[in-house]
Amino acid sequence: MIPYIDLKRVNAQHRAELLAAVERVIDSGWYITGQELAGFETAFADYCGVQHCSGVANGYDALRLILRAYIELGVIAPGDEVLVPANTYIASILAITENALTPVLVEPDENTFNINVHQLEPYITPRTKAVMVVHLYGRAVDMAPVRALAKKHGLKVIEDCAQAHGAIYRGSKVGSLGDAAGFSFFPSKNMGALGDAGAVTTNDTALDHCIRCLRNYGSEEKYVNKKLGLNSRLDELQAAILKVKLKYIDAENHRRREIGRSYLDGISNPLITHTSSDTSESNVFHCFVVRTDHREALIEHLQKHQIGTMVHYPIPPHQQACYSHILEGRYPITEAIHQTVLSLPMDPYMSEEDIVAVINSTNVFCIRRNL
Ligand SMILES: *Cc1c(COP(=O)(O)O)cnc(C)c1O
């Protein structure tokens, strides 16, 4: 079986170093907000090319704490509008509604799957205060037009970097391209912890300060609570593990890019299209996504050939039960994407043989018509 991704094999590569990190934390006797967290935060801020990084409990919290902090700082008020791509993973949108803000869904560009940066302006109203871009499937959003528009209308630019650790846009890493960015280190992301973890990166000192306070019960001094905060800390164990994983993210992204290039060169089946043809450093191939009008048949065919696949994602947020009566309207590009996308195996430690097997099996896929 060629799995979609084999996390056991990924982490086995770093087993000795991960065990040493875990032992160090066990033996330290200090498990929450200590030196491991501080060390990881500094290292990850340096990696992204920003001044501040604050570790939080997961990627969703990273995004909702950014918005929450902007509300605390008086930059955004409940009821304000935030532009967000309609085809993102639901966490981006939950972070907005969770803060009593209004998500304004924007259709993506079919060629990149990212928010259509040239069609943002018509969505802007006097209540629009921010745009949340999502570097979906590992591909950096074309940020220049987004930043120009944000400047013109006084909007905050928030990056959802959960799928794009290490992607580089015009010489700068994602996480440094807007006003604030949220990362997830969920185990299956390009840079994954061994549990839940997340982080916020920013050059905004006041925002960073506010997030540090909010993640820790709204407290800066033990038992003194300034804000109505929550408990969203990144623990010492995950921070120590992430410090190990950070050493390998560039090499693993490089390998993902090679796999992506092999798929792009090798897959030539008229029933299947692939649009993510960017293999530059701005794409870290969190997913390799193809489209087909025969998705169920293709999944079954690849399954028969012992190849695992995933669908990112089967149901768009606006059609989820939790958002009925809240997110209305039709989003035809988004809906068509959700009906036709399929992600092929993308694992930095898969063999050349496995890559060839995926290409060959995909190329022999055909539809039998009943005569
Ligand atoms: C995974 C993901 C998140 C949420 O991250 P968690 O750590 O699972 O909370 C947010 N946005 C996107 C685009 C994601 O892929």
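Trainee: Which helix do Arg-64 and Asp-61 lie in, and how many residues apart are they?
Mentor: Keep in mind that this is a predicted model. Both lie in helix H4, residues 59–72. They are 3 residues apart, about one turn of the helix.

Trainee: What do the side chains of Arg-64 and Asp-61 form?
Mentor: A salt bridge, at 2.7 Å from N to O.

Trainee: Are Arg-64 and Asp-61 buried or exposed?
Mentor: Arg-64 is buried, and Asp-61 is buried as well.

Trainee: Which ring does Arg-64 lie over?
Mentor: Arg-64 lies over the face of Tyr-60, 5.2 Å from the ring centre.

Trainee: How many salt bridges does the whole structure hold?
Mentor: The search finds 21. One of them pairs Glu-36 with Lys-243, with the closest N and O atoms 3.1 Å apart.

Trainee: Where do Glu-36 and Lys-243 lie?
Mentor: In distant parts of the chain. Glu-36 is in helix H3, and Lys-243 is in helix H8, residues 236–246.

Trainee: What about accessibility for Glu-36?
Mentor: Glu-36 counts as buried, because its relative accessibility is 11% and the cut-off for buried is under 20%. Lys-243 comes out at 27%, so Lys-243 counts as partly exposed.

Trainee: Which residue does Arg-215 form a salt bridge with?
Mentor: Glu-41. The closest N and O atoms are 2.8 Å apart.

Trainee: Which parts of the chain does that pair link?
Mentor: Arg-215 sits in the loop between helix H7 (205–214) and strand E10 (219–221).

Trainee: Which residues are joined into one network with Glu-41 and Arg-215?
Mentor: Asp-208 and Arg-212. The four are joined by salt bridges that share partners.

Trainee: Switching to rings. How many aromatic pairs are there?
Mentor: The structure holds 10. Take Phe-40 and Phe-185. Their ring centres are 5.6 Å apart and their planes meet at 80°, so the pair is edge-to-face.

Trainee: Is Tyr-313 buried or exposed?
Mentor: Buried, with a relative accessible area of 16%. Tyr-89 is at 41%, so Tyr-89 counts as partly exposed.

Trainee: Back to Phe-40. Which residues form an aromatic cluster with it?
Mentor: Phe-44, Tyr-47, Phe-183 and Phe-185. Tyr-47 has a charge over its ring too: Lys-173 lies over the face, 3.9 Å from the ring centre.

Trainee: Where is Ser-176 found?
Mentor: In the loop between strand E7 (172–173) and E8. The C-alpha atoms of Ser-176 and Gly-49 are separated by 6.3 Å, although the two are 127 residues apart along the chain. Leaving out residues up to four places away in sequence, Ser-176 touches Cys-48, Gly-49, Val-50 and Glu-159.

Trainee: And which helix holds Asn-11?
Mentor: Helix H1, residues 7–12. Asn-11 counts as buried, at 15% relative accessibility. Beyond its neighbours within four places in sequence, Asn-11 is in contact with Leu-18, Leu-194 and Lys-245.

Trainee: Last one, the surface. Which residues make the nonpolar patch?
Mentor: Ile-26, Tyr-31 and Ile-32, over about 290 Å². Ile-32 is in the loop between helix H2 (15–28) and helix H3 (35–48). Its relative accessible area is 36%, so Ile-32 is partly exposed.

Technical notes
Residues are numbered from 1 along each chain as its sequence is written. This is a predicted model: local features need pLDDT of at least 70, side-chain atom pairs count only at pLDDT 80 or more; totals for chains, interfaces and linings use all residues. Side-chain values use heavy atoms; hydrogens and water are left out. Patches are made of residues with over 30% relative accessible area and no salt bridge: like charges are joined within 9 Å, nonpolar side chains (Val, Leu, Ile, Met, Phe, Trp, Tyr) within 5 Å. Accessible areas come from the Shrake-Rupley method with a 1.4 Å probe; for residues, only the protein chains shown count as cover. Helices (H or I, at least four residues) and strands (E, at least two) are DSSP runs, numbered from the N terminus. Buried means under 20% relative accessible area, exposed over 50%, partly exposed in between (1.4 Å probe, protein chains only). Rings of Phe, Tyr and Trp (its six-membered ring) pair if their centres lie within 6.5 Å; planes under 30 degrees apart count as stacked, over 60 as edge-to-face and the rest as tilted. A charge sits over a ring if NZ of Lys or CZ of Arg is within 6 Å of the ring centre and within 35 degrees of the ring normal. Contact means heavy atoms within 4.5 Å.
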